[in-house]
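Here is a short briefing on one protein model. Look at the structure first, then work through the points below.

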Amino acid sequence: MKEFVITTDSNSDLLPSYIKEKKIGIISHYYDLEGITYGEDNLLSAKEFYDKMRAGIMPTTMASNPAVIRETFQNYVNEGYDVLHISFSSALSGGCNNVMVGAQEICEENEGAKIIVIDSLNVSLGQGMVIMKAVAMREQGKSIDEVAAWIEAHKLEFCVQFTVDDLYHLHRGGRVSKATAIVGSMINIKPILVVNNEGQLVSNGTTRGRKKSLATLVDNMLSTMGKYQNEQNVICVVHGDVEEDANFLVNLIKEKLHIDNIVVNTVSPSIGAHSGPGAIGICYMGEHR
């Protein structure tokens, strides 16, 4: 059975230590701040990025670079590997289409090359959890086709629930109206959002107050887990540079589920540019989104 590598993009928010240990190939999504483009080895720390946003400096984002995609895939093909790429949601970025086009071109130009691209219809560590599952299956000896088939059949069971601290950034990204952003901010309304089956960010209600919004995330997670409540082996928490709130959320999860394997990471800048400082979410396995 031919060996295969697993690749993804920087929006998967996997921990650097995991990426290194499992040798995950990363294709960058880019962001621009003050006329400087960041990506690949040119990166700001999460603290620097979110502090700039807090200071009123607004970033713009760009999808993955077709030339980089081609080079990444070509290098793996030259080394004799098949490639399984798990992409950020096609409903939120052109990056997935860029990867599909690049994969097709490389396969057409290289006899015997095999590159499978899966649209995760997911974001952040929701996407990252799909990759973790693919890695675990590969380590169990599953073939690239077996892994890809399982993911396609189950990818809608990887769930994301999140909230934001400031509605302005969702308005700036076209997610809520200006009136909603102004009124909601005035009366301390916190939206609850989910990634739906089409890979879009959609509203799942509102709460008033930060702590209540975090508790609601946990309640919503419990209501959608179904059979996975007893099978859950990892839950992920992602945040826009708000460690104290992330720790509060982790403790809530431990209290409700008695689970210790909780991965915590910051939201990558190319997502955080739209969700803003203070965004926070839970990623988990559930029977439905």
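Where is the place of P16? P16 sits in helix α1, residues 16-22. The model is predicted, so local features need pLDDT of at least 70 and side-chain atom pairs count only at pLDDT 80 or more, while totals for chains, interfaces and linings use all residues. Residues are numbered from 1 along each chain as its sequence is written, and side-chain values use heavy atoms, with hydrogens and water left out.

- Helices here are DSSP runs of H or I with at least four residues, numbered from the N terminus.
- P16 has 60% relative accessibility, so it counts as exposed. (Buried means under 20% relative accessible area, exposed over 50%, and partly exposed in between, with a 1.4 Å probe and protein chains only.)
- P16 and N265 are 249 residues apart in sequence. Their C-alpha atoms are 9.8 Å apart in space.

**Helices α9 and α10**

- Two packed helices are described by the angle between their axes and the distance between the axes.
- Helix α9 covers residues 210-225, and helix α10 covers residues 243-257. Their axes come within 10 Å and cross at roughly 40 degrees. (Axes are lines fitted to C-alpha atoms, for helices over the stretch in contact; angles run from 0 to 180 degrees between N-to-C directions.)
- α9 and α10 are therefore oblique to each other. (Under 35 degrees is roughly parallel, over 145 roughly antiparallel, 65 to 115 roughly perpendicular, and the rest oblique.)
- Residues of α9 that meet α10 include L214, L217, V218 and L222. On the α10 side, F248, L249, L252 and I253 are among them. (Contact means heavy atoms within 4.5 Å.)
- By class, this contact of α9 with α10 has twelve nonpolar, no polar and five charged residues. (Ala, Val, Leu, Ile, Met, Phe, Trp, Tyr, Cys and Pro count as nonpolar; Asp, Glu, Lys and Arg as charged; the others, Gly among them, as polar.)

**Aromatic pairs**

- The whole structure holds five aromatic pairs. (Rings of Phe, Tyr and Trp, the last by its six-membered ring, pair if their centres lie within 6.5 Å; planes under 30 degrees apart are stacked, over 60 edge-to-face, and the rest tilted.)
- The ring centres of Y76 and Y81 are 6.5 Å apart and the planes stand at 80 degrees, so this pair is edge-to-face.
- Y76 is buried at 18% relative accessible area, whereas Y81 is partly exposed at 26%.
- W150 and F158 also pair edge-to-face, with 6.4 Å centre to centre and 80 degrees between the planes.
- W150 is partly exposed at 23%, and F158 is buried at 2%.
- Ring pairs link Y31, Y38, F49 and Y50 into a cluster.

Methods: Helices (H or I, at least four residues) and strands (E, at least two) are DSSP runs, numbered from the N terminus.
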